[in-house]
Amino acid sequence: MPTIEESTNIAAPPSAVSDVLLDVDAAPQWTSGLERLELVEGVAGEPGSIGHAHYAEGARRYVLEDRLLEVVPGRYFRSEIRGSGIRAKVETELAEIPSGTRVTIRWIGTGTNPVTKLVLPFMRRQVSQRTREDMRALRDLVERRSEHRG
């Protein structure tokens, strides 16, 4: 089961980071390949809520179900993602630091069919690079919003 972990520092308080993480309309602005995220059940930010993440990568289109499992507001989010041959737990930790917030995203996933079980371990480097790019985009978006409000 491949595990990917990436961190970045964001010059904004944890509440500002949480606001962006829970903004379904903002998700495509910082998530590679995501066209839209729709809330299909529950309330954004509350355990049990479910979103459908609509991705496009070249000609390939797919939908992943994102179920929020656990939340500690401003500190921790844990969700499960399923679909398109994968199942993953995604943990997002927010730690207040003197310069703002340290955000760590941990992705623990596995393939759910013979092809993705075989291929996913070899995609670790690509998934890690994409996660780093998403983290930079998240940082830039949060910091822009914080500057605009400040």
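Two strands count as paired if DSSP finds at least two bridges between them. Helices (H or I, at least four residues) and strands (E, at least two) are DSSP runs, numbered from the N terminus. On those terms, eight bridges join E3 to E4, and the two run antiparallel. This is a predicted model: local features need pLDDT of at least 70, side-chain atom pairs count only at pLDDT 80 or more, and totals for chains, interfaces and linings use all residues. Residues are numbered from 1 along each chain as its sequence is written, and side-chain values use heavy atoms, with hydrogens and water left out.

**Overall build**
- The protein chain holds four helices and seven strands.
- Read from the N terminus, its elements run β-α-α-β-β-β-β-β-β-α-α.
- The radius of gyration (taken over C-alpha atoms) is 15 Å, close to the 15 Å that the globule rule gives for 150 residues, so the chain is as compact as a globular protein of that length.
- That rule is 2.2 Å times the number of residues to the power 0.38.
- Along the principal axes, the C-alpha atoms fill a box of roughly 50 × 30 × 30 Å.

**The sheet**
- Seven strands form an open, antiparallel sheet in the order E1-E7-E6-E5-E4-E3-E2.
- Its edges are E1 (3-10) and E2 (34-41), each pairing on one side only.
- Neighbouring strands are turned by 20° against each other on average, direction ignored.
- Axes here are lines fitted to C-alpha atoms, for helices over the stretch in contact; angles run from 0 to 180 degrees between N-to-C directions.

**Strand pairs and hairpins**
- E3 and E4 form a hairpin with two residues between them. Glycine 58 in this turn has a positive phi of about 65°.
- Tyrosine 55 has tyrosine 62 in E4 as its bridge partner.
- E4 and E5 pair in the antiparallel sense over seven bridges. Glutamate 65 stands opposite arginine 82 in E5.
- Three residues separate E4 and E5 in their hairpin, where glycine 74 has a positive phi of about 75°.
- E5 (residues 76-83) and E6 (residues 86-97) run antiparallel, joined by eight bridges. Phenylalanine 77 has threonine 92 in E6 as its bridge partner.

**Helices on the sheet**
- Contact means heavy atoms within 4.5 Å.
- H1 (residues 14-21) lies across E1, E5, E6 and E7 (100-111), at about 155° to E6.
- H4 (residues 124-149) lies across E1, E3 (50-57), E4 (60-72) and E7, at about 20° to E1.

**The largest pocket**
- A pocket is an open set of points on a 1 Å grid over the protein atoms alone, where a 1.4 Å probe fits, with protein on both sides within 12 Å along at least five of seven lines.
- The largest pocket contains about 1300 Å³ of space.
- Its lining comprises 44 residues; Thr31, Tyr55, Asp66, Ile81 and Val90 lie nearest its centre. Lining residues have an atom within 4 Å of a point.

Conventions:
Grid points are joined across faces, edges and corners, and a volume is the space filled by probe spheres set on the points.
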